[in-house]
Amino acid sequence: MKFPWRQPAPQDGLGAVGRSGEQSEAAAHACPSLVRAMDRIFKRDKPEILDLGPFCGDTAVYLADRGARVSVTEFFPPPAAPVAEPGGTREPDPSPSPLVIDQPDGCFDLVLAWEHADFTPPDRLRDFGAEIHRVLAVGGLLLLFALNNLSRAEAMARTLGRYRIDEDDKIAREAVPAIGRRRWAHPTREIERALAPLSIQGIHLQRNQMREFLALKPE
Amino acid sequence: MENIVNIGQSVQIKGQLTGSEDLTIEGMVDGKIMVSDHSLTIGANGKISAEVHAKTVVVVGQVVGNITADDKVEIAPTGSVEGDIRAPRVAISDGARFKGSIDMERKSSAPAAKSSGLATAAPVVQDIPRSASAAER
């Protein structure tokens, strides 16, 4: 029996079928947490959804056509705070750059934070969680993706995901270059701590080593 | 033959712009634009800082302000919108820049298929198989 010399293209979200030189498109895959979130929020009359980007027009239009009011804002996590050099004269920055989501308090039924936690430095992860908590309405949900292991998903580690929702249970990740942005693989317990005011409803590990977190803002 | 009014690149308008013809803007408008039963095109050189109301709005240039359309809003790959969009149909091309919110009328039909790289949600758009749509890209 002969085996093909080349391995078949991965079907786990890392496949790179280029739309253009700087972008790659992966096959659509299931996202159980998104299904749960959609089931829940679309029971409301006109849910408010916040997409933190990178912006995908298809996703915004899909959600708006389902009956939601979709707000889009490009969120850029701040860089890591500079550390004081041992024996050096440089002091750590007393006022690190603010971590702000440019949206009003407590008005979103669903926040799509995609992979932004991975690009948030460990020392700012709690600020990130607090900001998500601020913009969520009571009973609102957060959908967050975080890589479980950088070395095992090397191609993803170098890029930021732009997500295209095809159906409620199908999303596709398109890689956009994350130039000059460092990625962290935060331990699950650190993410849970950072989101602490929120109640984790489920963590799902995808085959491509991406963890899906679904969290609820309790009353 | 329907008239189309073209506001040239060197024209700057401050105030309210109303009309009953299709309008293409390549210049700068600051204020309010009302062409209720007609289409409005913000050309590649157009820079709008205004509330916009038209039947159809096509953005190829830049708009800062809320857009309300009775039929459709379309943002081209070079288009940039900062503001809220309210229309029954919205199409946003890959590459377009957008910051704001989208509010579409609730429809009972499922979201329509995409065509030519545009995200459309028009109930009248023919259903193109996703495989064919992807191949076009």
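Is W114(A) buried or exposed, and how many other C-beta atoms lie within 10 Å? W114(A) is buried, with 24 other C-beta atoms within 10 Å, where a residue counts as buried if 20 or more other C-beta atoms, placed from the backbone, lie within 10 Å of its own, as exposed if 12 or fewer do, and as partly exposed in between.

The views below come from a predicted model, in which local features need pLDDT of at least 70 and side-chain atom pairs count only at pLDDT 80 or more, while totals for chains, interfaces and linings use all residues. Residues are numbered from 1 along each chain as its sequence is written, and chains are lettered from A and ligands numbered from 1 in the order in which they are written.

**View 1. The two chains, A and B.** Chain A has 5 helices and 10 strands, whereas chain B has 1 helix and 12 strands; helices (H or I, at least four residues) and strands (E, at least two) are DSSP runs, numbered from the N terminus. Of the 219 residues of chain A, 40% are buried, and of the 137 residues of chain B, 37% are buried. Where contacts link residues at least 6 apart in sequence, 66% of those in chain A join residues at least 24 apart, and in chain B the share is 5%; two residues are in contact if their C-beta atoms, placed from the backbone, lie within 7 Å.

**View 2. The cis peptide bond at P54(A).** The peptide bond that leads from G53(A) to P54(A) is cis, with omega near 5°. P54(A) itself is found in the loop between strand 3 (48-51) and helix 2 (57-65) of chain A.

**View 3. Positive phi at W114(A) and Q209(A).** In strand 5 (residues 108-114) of chain A, W114(A) is a residue other than glycine whose phi is positive, near 45°. Q209(A), also not a glycine, has a positive phi of about 75°, and its place is the loop between strand 9 (199-205) and strand 10 (210-216) of chain A. Q209(A) is buried, with 20 other C-beta atoms within 10 Å.

**View 4. The surroundings of I102(B).** I102(B), part of strand 11 (residues 97-103) of chain B, is buried, with 28 other C-beta atoms within 10 Å. Leaving aside residues up to four places away in sequence, I102(B) touches A60(A), V61(A), A64(A) and V70(A) of chain A, together with I85(B) and V90(B) of chain B. From C-alpha to C-alpha, I102(B) and V59(B) are 15 Å apart in space and 43 residues apart in sequence.
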